[in-house]
Amino acid sequence: MTAAYNSFGRTTAPARWAMPAAEGIALLKSGAANPGALLAYGNGRSYGDSCQNEAGSLVDMRSTKRILSFNAETGVVEAEAGALLSDIIAYAAPHGFFPAVVPGTQFVTLGGAIANDVHGKNHHRRGTFGCHVESFDLLRSDGKTYSCSETSNARLFWATIGGMGLSGIILSASIRLMRVPSIDISEQVTPFANLTEYFNLAEEADAANEYAVAWIDQLASGKGSGRGLLMTGNHARHGARVSAPVNSRLSVPFQPPLNMLNRPFLKAFNAAYRWRKGSNTAEHHVPYQGFFFPLDGVRDWNRLYGPRGLFQHQSVVPEAVAREAIPAMLAAARQAGQGSFLTVLKRFGSIRSPGILSFPRPGYTLTLDFPNRGRSTLSLLQRLDEITVDAGGAVNPYKDARMGADIFGASFPEWQRLEVLRDPAFTSSFWERTARRLHARQCGHVEAAE
């Protein structure tokens, strides 16, 4: 089967070859998979090329989507890897449970959430998705299925969480959900005039609330530079306990020939959003979908960035230098004349993930989205990489489509621990571009020394 399996950013070459899950599973069980031949593909919500295998074939896992069991007392749910978080939410909500960690979209697969060790608006309280994984079954190219947990095949457990699908194919997984009074949110919005005000609010906001995230008006300059809205929330005592169907009345039905999110539009949008969202500062009730997944209601919204796609840049910098590094990144984007449609700032807590290459770590994380304008955008992204690494931070590989090997190595100095446990039949375009180049350099140095 061949198909165009794009990444969500659509800046990388789509896969040329893909096979159904059953075919990929059978190939692995036979032990006949070639080196670098495979990579599991979930629902295509990764922005970069960690979900691509340009030289090999993808294994489409979306048909493996059954929920296998649920314990209404403990909140432990077992499901196949292709089940979407939206399916799990719908199944568990009537019992008073919700995923402990959700990313910005509910249309990610369970396997993808584990492979990318996704985080949400409550990292300060719950850590990453991987912190709530009980166990999973992992199929590798030796034909064996490994039952993995903290106490069984623990090294594979650690390598698979945040391992970008490189340790094998997750067949099914069990995760612990958290008990909630409802799945809706009691939200409060606090406007801030600049980043100094935000930083002064952030730690206290985390201590008092389950969820906290800030929206930044990235284009604002002068006295308005760094202004935005801090949104905090907790599960409402009296709210929905049944998930609502996703209403995609809005959609982008075709690919516009140009980037629709140009600077005049962004300035108008930012002003309107700041006024509308910031006008209600009293605590108020909001449906969970609007709080967690605001863009899920607009089908194919990534098309608005134009036919050349978009780059997302997410970084994390230590708390001690955040007050200098975050303004420097925002200034770099403004100076480059690049506008970010979604600019999000959050504070990570100190809860460690079991994953070897998990991205979150204590500090502040900034996310920026840019339409692909070619060389000028790539130059800006490289500058953002440099600011991040110079500050002792890291660039998120799960959302990347272009970082160099050196930036990856500086962000994740323990990458070799994953390389040792990587299944030889699995690779990705991202891994070939970064870790494999680092590995080749090291081998070259060894050979030269000999």
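Two rings of Phe, Tyr or Trp count as a pair if their centres lie within 6.5 Å. In this predicted model, ring pairs link Phe-8, Tyr-47, Trp-215, Phe-265, Phe-269, Tyr-273, Trp-301, Tyr-305 and Phe-341 into a cluster. The structure holds 27 aromatic pairs, and the count of salt bridges comes to 21.

**Aromatic rings**

- The ring centres of Tyr-198 and Tyr-364 are 6.0 Å apart and their planes stand at 75°, so this pair is edge-to-face, given that planes over 60 degrees apart are counted that way.
- Because Tyr-198 lies in helix H6 (residues 195-208) and Tyr-364 in strand E18 (residues 363-371), the pair ties together parts that are 166 residues apart in sequence.
- Tyr-198 is buried, with a relative accessible area of 2%, and Tyr-364 is buried as well, with a value of 3%.

**Charges over rings**

- Lys-121 lies over the face of Phe-291, at 5.7 Å from the ring centre, while the charged end of Arg-361 sits over the ring of Phe-412, 5.0 Å from its centre.

**Salt bridges**

- Glu-80 and Arg-66 form a salt bridge whose closest N and O atoms are 2.7 Å apart; Glu-80 is buried at 13% relative accessible area, whereas Arg-66 is exposed at 53%.
- In the salt bridge between Arg-441 and Asp-406, the closest N and O atoms are 2.5 Å apart, and the pair links helix H14 (residues 435-449) with helix H11 (residues 405-411), the two residues being 35 residues apart.
- A network of salt bridges links Asp-49, Asp-385, Asp-400, Arg-402 and Arg-433.

How values were computed. Residues are numbered from 1 along each chain as its sequence is written. This is a predicted model: local features need pLDDT of at least 70, side-chain atom pairs count only at pLDDT 80 or more; totals for chains, interfaces and linings use all residues. Side-chain values use heavy atoms; hydrogens and water are left out. Rings of Phe, Tyr and Trp (its six-membered ring) pair if their centres lie within 6.5 Å; planes under 30 degrees apart count as stacked, over 60 as edge-to-face and the rest as tilted. Helices (H or I, at least four residues) and strands (E, at least two) are DSSP runs, numbered from the N terminus. Buried means under 20% relative accessible area, exposed over 50%, partly exposed in between (1.4 Å probe, protein chains only). A charge sits over a ring if NZ of Lys or CZ of Arg is within 6 Å of the ring centre and within 35 degrees of the ring normal. A salt bridge is a side-chain nitrogen of Lys or Arg within 4 Å of a carboxyl oxygen of Asp or Glu.
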